[in-house]
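Keep the sequence and the 3D view open as you read.

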Amino acid sequence: MAGKNKRKLEDLSVDEFMLSGFDSGEEDDCEDEESTQQKGKMKKPAPQKTSVKKQGKASEHKDHLSALKSKDPEFYEFLQENDQKLLNFDDSDSLEDEEEDEEERMYHRLPSQLEEADDDNDEVETGKKDLKKPKEGTKVTEAMIENWRTGLRKEPTAKLIRDITQAFKAAVATTKGDSEELCRYTISDSAVFNSLILFCIKDMHAALNKMLKLKDPEKGQKKLILPSSSPRWQKNQIDIKMYIAGVVQLLSSLTQSTVVAAVLRHANQMVPYYLCLPKQCRHFLKSLIKHWSTGEETVRVLAFLALNKICRNKQDIYLNPVLRQMYIAYVKNCKFTSPNTLPMINFMQRTLAEMYSLDTQVSYQHAFIYIRQLAIHLRNAMNLKKKETYQSVYNWQYMHCLYLWCRVLSTIYPSEVLEPLIYPLCQVIIGCIKLVPISRYYPLRLHCVRAIILLSANTKTYVPALPFLLEILQQEDFNKKPGRMSIKPINFAVILKLSKTNLQEKAYKDGLVEQLYDLILEYFHTQACSIGFPELALPTIVQLKAFLKECKVANYCKQMRQLLEKIQENCSYITGRRQKAAFGVGDVTAVELKTYTQAAWEKQVAEEGTPLTKYYSQWKKLREKEIQLEISGKERMEDLNLPEIKRKKAEEKKADKKEFKGLFESDSDDDDDDDDDLFKSKEGKGDSDEDDEGLEDLSDLSDDDDDEENVDDLEEDDSDGDQKKPSSSKGKAPKKMLSTELKEVADGDEDMVEDLELSDQD
């Protein structure tokens, strides 16, 4: 028997299941029942298949009995004597017996659904309808938001906070596009969405603090007051968790930078709440790192402030994974360098160095691993000497990583923990310079030297960087004329390799001399107050003098001569100060205290200043302005007082053509053509006939040449021409003119003849 209203097995409780009393054939019966249900749905009869199966079982039983006769004849004889029915049975009997057994099993087997009363059936049906068609949430309006705002400002309660968080959850669901998510409220209007988000950003932080009765932090108090210390935290924890999780989801779905910045400011206030909820805090950190590496300028700064705030308060939990994720994000986003991305990369370098300065022990582990990774890439490139291995070193990611660790070690200095990493990092940079020492990779060499200068200046470590710069002066032939001229200068800040065409341009050598001048001056500025400056500068002075003897380009010699003079001036100043020093090498007591006395002497010299340091401070201001122009992509232009050229409009040109047209029609054959040409070239604007097109072109060329080379003369000629035009600029052309009068007009004054000679020469 099969009832219509039955309960499924998965709906049974544990007690009902244990009391049901299943036999060993339950699984087979369930499978048969499922097959019969499916066949019932398909509306196909099933008794034939079952009968076939049952007849097959009876025949198998007969076969077993016949086999028993051969295997165990004694037991077979025993059956013949005692139980003839077992041996002599029919298929029909077996079918009837099996059907009876099956009916008995149906009585003893627990059905999938139990019969229920009519009232219960109605409740089940209504419950199913409710599941299929969930009730629509309450629609949020501006009036509701205003009521919530007034309620929060008066006295925030747990019920009010719950309502607001539910509405905020619905607002976040609309940004994700999750229409199926069940929410108590619905938001369909964009104005309501904006007002709700703005209301939460402004008022929720203060309302939560007021509800939890948290005290405001005192001035100068660095340690945050965690909300979990409040006795009301456990009661409101679920609602707060829902709210701050919604803030993270909102950050991931927003695209406009101004809105993201506003939400980040609010999230920065909610940092104490994130610190109390580890799971939400991990999601929040992941979103912050994404905005720190890819967002706009304001968004990056706000994301970094929140990251720094979290890591400062819970270094043992979050600092190590955050530093690793930030480094990976930094490497991913510095793959390509351009004038637009360079400021963002520099920002990531400086902020990441600040994060590493929070804990030197953790920073040493990260720096050791990643500097070793850079060294392994360099070793593979030096051993294999293939293009692929060279490219693994000579790329922007490798360069920016070297510069990052130089900045990290410079920022954290002095530190006994990180100081041993200075030497291996310098070896990696020098090995990178020597890997492919050709002229095409001079920009990469300059980047490496700049990183060495940064590390040497801030860690007070002597690193020989000048030989790599002076080698360029020896190898490059600056007297060779460039193969082609270029308009724009080469921006060495955003390139690593030069093309073959770049090496032939004049801008390449101009930019190379400027870069050498800058780097040599920067390096000597870091050592300007050193007591051994004269000995340090001696090889450079010799090399610069040799360059000035060989070089014949005035601009290059002017720059290098100025640099040489400043270096020599600083050498003479340090030598004079050393002669007045109170300690010497021969004094034993002074040698014992040499480090202290030398440091004090150099400190005093640095406070007073040297000629090179004073010059560098002035030069740096001017150079930074030029670099900003180069980074922004603007062309550098000299301050030239270019005069304004006033040209005639098209209407005035047409009027002149009409005026002179009648004049040239009256010319006779006996007139001198050269005189006519003279007039036309002087006026420069009239074309009489189609036969005079060549003269028009000549006048145009002369005007162009005057524009380019003689701008001042052109202004004078225009002024003279304007003074003479009234004689021929009347409203109508004359009817007839004699040939003698025409010659007089064509001859004109001496100024006109001189102007003709100028145009013909041009």
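## Salt bridges

The structure holds 14 salt bridges, a salt bridge being a side-chain nitrogen of Lys or Arg within 4 Å of a carboxyl oxygen of Asp or Glu. This is a predicted model, in which local features need pLDDT of at least 70 and side-chain atom pairs count only at pLDDT 80 or more, while totals for chains, interfaces and linings use all residues. Residues are numbered from 1 along each chain as its sequence is written, and side-chain values use heavy atoms, with hydrogens and water left out.

Asp163 and Lys159 form a salt bridge, with 3.5 Å from N to O. Both residues sit in helix α9 (residues 158–176), four residues apart, or about one turn of the helix. Helices here are DSSP runs of H or I with at least four residues, strands are runs of E with at least two, and both are numbered from the N terminus. Asp163 is buried, at 10% relative accessibility, whereas Lys159 is exposed, at 57%. Buried means under 20% relative accessible area, exposed means over 50%, and partly exposed lies in between, using a 1.4 Å probe and protein chains only.

## Bridges between helices

Which residue does Glu522 meet in a salt bridge? The partner is Lys620, and the closest N and O atoms are 3.6 Å apart. This pair links distant parts of the chain, with Glu522 in helix α25 (residues 506–526) and Lys620 in helix α30 (residues 611–632), 98 residues apart. Glu522 is buried, with a relative accessible area of 12%, and Lys620 is partly exposed at 25%.

Glu608 and Arg577 also meet through their side chains, in a salt bridge of 2.5 Å from N to O. Again the pair links distant parts of the chain: Glu608 belongs to helix α29 (residues 594–608) and Arg577 to helix α27 (residues 554–579), 31 residues apart. Glu608 is partly exposed at 43% relative accessibility, while Arg577 is buried at 15%. Elsewhere, salt bridges that share partners join Glu146, Arg149, Arg153 and Asp203 into one network.

Leu404 lies in helix α20 (residues 396–412). Is Leu404 buried or exposed? Leu404 is buried, because its relative accessible area is 0%. Apart from neighbours within four places in sequence, Leu404 is in contact (heavy atoms within 4.5 Å) with Tyr327, Tyr330, Gln349 and Leu352. The C-alpha atoms of Leu404 and Ile345 are separated by 9.9 Å, and these two residues are 59 residues apart along the chain.

Asn236 is found in helix α11 (residues 233–253). Asn236 counts as buried because its relative accessibility is 3%. Leaving out neighbours within four places in sequence, Asn236 touches Ala158, Met211 and Leu212 by the contact rule.

## The whole protein

Now for the wider view. The secondary structure comes to 36 helices and two strands. Of the 762 residues in the protein, 38% are buried. Among contacts with a separation of 6 or more, 72% come from residues 24 or more positions apart.
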